[in-house]
Amino acid sequence: MSGALVAVAAIIVALLGGAHLTLLYASPKLSPDDDLGKRLSVSVVPLSDATNLLRLWVGFNASHALGALVFGLTTAISPSCTTRWCPNRRT
């Protein structure tokens, strides 16, 4: 029973991560306003000349969305691991 609850919670996290990643790149809902986007794109960060705050913002959101997606998928697969390739499979 607890493995099923963990799997359901992990699937929810994976779905939220996937939705966040999809909305980040395919929808204008997670993009900054025109004025804010313009200010972020011209701001220079001392890391390099090619880096600006807009690229950092998109990278931060993408990395965290991918992290939630991968965490959710691996955690959802782990409790139901019964196949031969699983390292700690249940027999």
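## Exercise 1: Leu24

Leu24 counts as buried, with a relative accessibility of 11% (buried means under 20% relative accessible area, exposed over 50%, partly exposed in between, with a 1.4 Å probe and protein chains only). This is a predicted model, in which local features need pLDDT of at least 70, side-chain atom pairs count only at pLDDT 80 or more, and totals for chains, interfaces and linings use all residues. Residues are numbered from 1 along each chain as its sequence is written, and side-chain values use heavy atoms, with hydrogens and water left out.

Task: find the element that holds Leu24, and how far its C-alpha atom is from that of Ala62.

Solution: 
- Step 1. Leu24 belongs to helix 1 (helices are DSSP runs of H or I with at least four residues, strands are runs of E with at least two, and both are numbered from the N terminus).
- Step 2. Between the C-alpha atoms of Leu24 and Ala62 there are 7.4 Å, although 38 residues separate the two along the chain.

## Exercise 2: the whole chain

Task: say how many helices and strands the chain has, and what share of it is buried.

Solution: 
- Step 1. Count the elements: three helices and zero strands.
- Step 2. Read them from the N terminus, and the order is α-α-α.
- Step 3. Of the 91 residues in the chain, 23% are buried.

## Exercise 3: two helices

Task: work out how the axes of helix 1 and helix 3 cross.

Solution: 
- Step 1. The axes of helix 1 and helix 3 (residues 53-77) come within 7 Å of each other, crossing at roughly 155° (axes are lines fitted to C-alpha atoms, for helices over the stretch in contact, and angles run from 0 to 180 degrees between N-to-C directions).
- Step 2. Helix 1 is therefore roughly antiparallel to helix 3 (angles under 35 degrees count as roughly parallel, over 145 as roughly antiparallel, 65 to 115 as roughly perpendicular and the rest as oblique).
- Step 3. Now look for a residue of helix 3: Val70 lies there, and Val70 is partly exposed at 48% relative accessible area.

## Exercise 4: after helix 3

Task: is Ser78 buried, partly exposed or exposed?

Solution: 
- Step 1. Locate Ser78 in the segment after helix 3.
- Step 2. Its relative accessible area is 48%, so Ser78 is partly exposed.
- Step 3. Ser78 and Val6 are 72 residues apart in sequence, and their C-alpha atoms are 9.3 Å apart in space.
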